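Morning, everyone. I'll walk through one model today, from strands to helices to charges. Here it is.

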Amino acid sequence: MSGNGSGQQDVHIDLGGLFRAVWDRRVKVLLATAGVAALAFGATKMIAPDYQSETRVLIESREPEFSGPNQVSQAGADRVFDESGISSQVQVLRSADLIKQVARNMKLHELKEFDPSAAPSALSDLLVMLGLKKNPLEMPPEERVLKEFNDKLQVYQVEKSRVIAISFTSKDRQLAAAVPNEMAKVYLALQSGAKLDTNSEASRWLEPEIANLREKVRDAEAKVAAYRASSDLLPTGETTNFATRQLTDISTELARVRGERANAEARAAGVRSALASGRAPDTITDVVGSQMIQRLKETEANLQAQVADLSTTLLDGHPRLKALKSQLEGIRGQIRTETRRILTSLENEAKVGELREQQLVQQLNALKAQSAQAGEEEVGLRALEREATAQRQLLETYLARYREATSRTVENATPADARVISNAVVPTSASFPKVLPITIVAALATFLLSCVVIMLGELFSGRALRPVSATGERLAPVRPRPALAASAADIPVVAAGTSPEVAPMADGDAVDLLPAAPASDTDADAAEAAAEPDFSIEAVAEHLRATGVRVAISVSPGGDEGATATVMLARLLAEDGVKVVLIDLTGSACPTRLMARSTQLPGITNLLAGEVPFTDTIHADRFSDAHIIPQGDADPRQAMRGIERLKMIIDALTNAYDLVLVECGPADEMAVEKIAGRDGAEIILSAPSVSDERIVEVLTGFGAAGYRDIVLMTGQAETDPDYPDRDAA
């Protein structure tokens, strides 16, 4: 706590004093804690215990075991209960009708636990008389039992499942287990009864419908038969009638007759051509196949053999030889005559085929007309047949459903779409009150409340507040120079131009002040300046030039204000002829905005990510000869994967520049160690307008990490008169 007004003094809370105040009153705190614990223990022991038991029911589709392939399954038999379906079943279990049925079965109205209003107390009667309370006896007994039952009942769906839990609380442990089991039993009976009622209603509705359909089917089939008889559409198959079948047969016969006629004409033409051209008749198939021709050819062959045989011994004018030749000529004439007779037979066969063809064509034309008329009449026949078929199929469906419904109308024939997977058992321990947890919670709450009351009393009384003096409980003023050596145990501080001295710490330790070499031992101005510490940017720049530092790491606890001071330091060094490059490792990209032409230029993140070459990341400062490697526009996470390359980049830059200045923003000692390690780099604490406590905290952290030389830069050449101990460490 602090105050800044006139005559006010900064104060802080004495935590040690608060804990001492609690410790001084420990006996009272323990007595209060023990007393409340004893009261809680006694009160919980006096309360009549409640016992709780639970039954679990699984919701699933169930079919009777006797369902066969000939029975039609119910429409919803294979449905899957969704979230809303399970919630609906929970509401069914909580319905008033189901609870009343359970109460009647178990005669709960006879138990005082479920009807406490039946024996009201004197206080309750007084409140009723004064009109402050409604007379509970005016409600029906069932309603009073229902109200008490609902207060003791819990029905809920087990998460991510189709299981419903039925939990009941009662003073009687036997009753606590019996009620959930009875509720599950009544619920399953109601579910099965509902399905049984559905089947009975279906049977009653199907009976007259089936009788009506039978009459319709009979009438439709009679109309089909009458229409078929009147139209002479006698069926000869599944898809043809008599006219169509007859037309098909005539067409087949006509094709056969035309083929035979064509064959006879072709054979007659062959015989006629052979006779006209003088070819031997025996080359024609029909002639060769004739038995008469075959006998004549045999006789001709015999005569030729005799003529040939006699020609060897007799002359041509011999009577015997002449007689044989005359017989041979007669046989050949018979062959020609028989061949003409065969030709005549073939021509007659062709004429007969032609006449048969003409008759078949006439019959075919007549049947075509009859078939066309039969097709028109079949349209009406098919319409009647479709109607009869539809009525017959509907009748068969109704009959199947009626058989199934009647088979399920007996008791217990249709199981409920649920089954009990866990029956409630008699509980062995009370569900309320939990004596030990209540006692522990009451004791712990009393202890904490007592401690809080004591601490608030100390704060409001002012005894726990301690004023902060300028030199009493804060670090003693010292005269450091920009180079500060910090360690975990002590913080040696050196100021430019001062002589060695020892500064006391708040805890009694001492801080050794190390000597610093002034810029010129003979310079009177330098000797005068040595009497006062100098944390200005100029002093830090002079220190860096004098010591020849090649790499400097700047840490800015104050954020962009410290980074701005680092930019001013780089520009000041550049004006003095030092080749300096500044690497922007801040999160806000403050140096980039101050020095670079654009914030979209490639920079250190692009270089660490391997996206650009080294030379593309170095850019000139807008207002000085210094150079800057901006923050860049690469993905910071990808760039951090290559952070180990930063040391290599800094080492490469030291070959081209006199000083490599790395601005890290509000980084801690661990981050600095990843960047530059513990040796070889100067650490600059750029802390303008940063509180002394924060500076001490940062220096202590770096000292604990093992850093020795730390440069403090506040941007001020003189101590702020409002803070006389600004340089305290």
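Which residue in β5 stands opposite V57? V420 does. That comes from a predicted model, where local features need pLDDT of at least 70, side-chain atom pairs count only at pLDDT 80 or more, and totals for chains, interfaces and linings use all residues. Residues are numbered from 1 along each chain as its sequence is written, and side-chain values use heavy atoms, with hydrogens and water left out.

Back to the strands. Strand β2, residues 51-59, pairs with β5, residues 418-422, in the antiparallel sense over four bridges. β2 also pairs with β4, residues 163-170, again antiparallel, over eight bridges. There, S53 stands opposite F168. Pairing takes at least two DSSP bridges between the strands. Helices (H or I, at least four residues) and strands (E, at least two) are DSSP runs, numbered from the N terminus.

Now the whole chain. It has 21 helices and 16 strands. Of its 729 residues, 38% are buried. Buried means under 20% relative accessible area, exposed over 50%, partly exposed in between, with a 1.4 Å probe and protein chains only.

Next, helix α3, residues 83-93. Its buried residues are G85, I86, Q89, V90 and L93. E83 and Q91 are exposed, on the face turned away from the buried side.

Now charges. The structure holds 19 salt bridges, each a side-chain nitrogen of Lys or Arg within 4 Å of a carboxyl oxygen of Asp or Glu.

Start with R419 and E60, at 2.4 Å, N to O. R419 sits in β5 and E60 in the loop between β2 and α3, so this pair ties together parts 359 residues apart in sequence. R419 is partly exposed, at 35% relative accessibility. E60 is buried, at 19%.

Then two pairs within helices. D151 and K147 meet at 3.8 Å, N to O. They are four residues apart in α6, residues 141-152, about one helical turn. D151 is exposed at 55%, while K147 is partly exposed at 48%.

R256 and E260 have their closest N and O atoms 2.4 Å apart. Both lie in α8, residues 242-277, four residues apart. R256 is partly exposed at 40%, and E260 is partly exposed at 42%. Separately, salt bridges that share partners join R258, R261, E265 and E357 into one network.

That's the tour. Thanks.
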